[in-house]
Structures are given as C-alpha cells and as structure tokens.
Amino acid sequence: MTIDLFEDSPPPPWREQLGPGAVVMHGFVRDHGPELLAAVNGVIAQVPWRHLTTPGGFVMSVAMSWCGNGWTSDHRGYRYSERDSRSGQRWPPIPDILLALADEASRQAGFAPFIPDSCLINRYDPGSKLSLHQDKDERDFDAPIVSVSLGLPAVFQFGGLRRGDPARRVPLAHGDVVVWGGPSRLCFHGIMPVKEGYHSLVGPHRINITLRKAL
Ligand code: SIN
Ligand code: FE2
C-alpha cells in the first residue's frame, strides 16, 4: 500500500480496550471526514442505499450499501456476493482511502497487515439501530473487523461470545474506529437507536463503514 494519507496524522488521542483483540481508537480518522465521506458518496452513486429484509422477514431500519464483495440478506439468509445478481456486474472496488485506513487501523490495533475484500456501509437515520449479532458470515476469522464511525454519535454495544453475555456500552463519535479480531472476532455487538441530531459534515445520519475479509 503506497498511500501515505495517514502517516502525517497525530497518534490516536485515546485508545479504549474492550477486551483481548478489541479496541476503540477514538478520533483515529477525525481529520479525514471529508475524504471518507467523498469515498462513501462515490460508492452510493453506484450502489444506492437499500433497506434489506432479514431472514426473519423484518425490514432493517439501517440503510446499506457496499463495495468489494457485496451483501445480501433475504429469506434464504445472509451471504456475500462478488457481483450484482441483477446486472451480473462486479460491485464497485473498495476505494483506496478505505483500503489504507483498514490496513493502518489493523496494524495499530496489533493485527497483521490487512487487505479487506468487502466493505459494508450502513446509514443510521435517527431511531435506526442494529440488534446484537455476530459477524460470522465471513470465510476467514483470522482477519479483524475494522469499523469506522462518521456523523451522528451512537452507543455501540460490545458483548461476549454468547448472546447473553453482558454487553458493554461504548459511545462512538465521528472519526472513531473500532477494531475487533483474534479472541474477540466473534463477539456479539450492536448499535442502540441513534438519537436525533445534525452533524455538520454528514447531516442527520450516522454512517458506519466496516472493512472485512469476507471471501
Ligand atoms: C456492524 O455491526 O456491522 C456495524 C456496527 C456499527 O454500525 O458500528
Ligand atoms: Fe456487525
């Protein structure tokens, strides 16, 4: 990776360890909001926001888009896909700035160099939430999940390996990055309903970008 976008950034102002292999790097990309948002908007132009239906038949409150390997959820379950089944085209590539961010965040969190092949983008309007779940549809659990928060703040729930384990509530703000992998890779996590608000750059939404090794 030759992009040096993050080399001049100051060290992360505040790290919060959530467990073995799980860390919040508060403010990690705070100075890169405009470029990250431009990258997101470039993807959205090609893969417009959509509200997927869960395997249980519920329409998700979170709107989604993606690049790299895409994401499908329907009555058959969840799965990743290389192509848009309607057009037969590959989903758009992951923008370089997101590849660079994923690698840098992975290393700084103590993991190996990371080349994600999938990037899911979530938009939370006020009231949207994501129930406790595990990210377990990826083929490779050796790679961490790198998760970037932009826009409105939210409360991240981070629990244990069993659904009933107590979950910690971690406030996440614009520019925070969470990395979880190793022994925490399959920890349950979720997002509490996002409160009304307006972010000067992002508007009345929270945007989350997760970078993954899916296939
Ligand atoms: C996710 O669990 O995939 C997204 C988490 C978040 O929005 O912070
Ligand atoms: Fe998740």
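Author: Let's start with the general idea: rolling a probe the size of a water molecule over the atoms shows where empty space is left. In this predicted model, the largest pocket holds about 760 Å³ of space.

Reader: How many residues line the largest pocket, and which lie nearest its centre?

Author: The lining has 34 residues, and those nearest the centre are Met 60, Tyr 78, Leu 130, Ser 131 and His 133. You can also read the lining by element: β6, β7, β12 and β13 each give two or more residues to it.

Reader: What about the classes of residue in that lining?

Author: Sort them and you get 15 nonpolar, 11 polar and eight charged residues.

Reader: Okay, and what takes up the space of the largest pocket?

Author: That would be ligand 1.

Reader: How do I read the contacts of ligand 1?

Author: Look for pairs of N or O atoms, with 3.5 Å as the cut-off for a polar contact. Tyr 124 has a side-chain N or O atom 2.5 Å from an oxygen atom of ligand 1. For His 189, a polar side-chain atom is 2.9 Å from a ligand 1 oxygen, and Arg 206 also has a polar side-chain atom 2.9 Å from an oxygen of ligand 1.

Reader: And how much of the accessible area of ligand 1 does the protein cover?

Author: On its own, ligand 1 has 260 Å² of accessible area, and the protein covers 97% of that.

Reader: Let's move on. How much space lies in the second largest pocket?

Author: About 240 Å³. It is lined by 14 residues, with Arg 50, Trp 71, Thr 72, Ser 85 and Trp 91 closest to its centre. The elements giving two or more residues to this lining are β4 (70–74) and β5 (77–81).

Reader: Which element gives the largest share of that lining?

Author: β4 does, with four residues. As for classes, the lining of the second largest pocket has four nonpolar, four polar and six charged residues.

Key
Residues numbered from 1 in each chain as written. Chains lettered and ligands numbered in written order. Predicted model: local features only at pLDDT ≥ 70, side-chain atom pairs only at ≥ 80, totals over all residues. Heavy atoms only, no water. Polar contact = N/O pair within 3.5 Å; in protein donor to acceptor, adjacent residues only side chain to side chain. Areas by Shrake-Rupley, 256 points an atom, 1.4 Å probe, with all protein chains shown as cover. 1 Å grid on protein atoms, 1.4 Å probe; cavity = no way out; pocket = protein on both sides within 12 Å on 5 of 7 lines; lining within 4 Å. Sits in = over half its atoms within 2 Å of the grid points. Points joined across faces, edges and corners; volume = space filled by probe spheres on them. Nonpolar A, V, L, I, M, F, W, Y, C, P; charged D, E, K, R; others polar.
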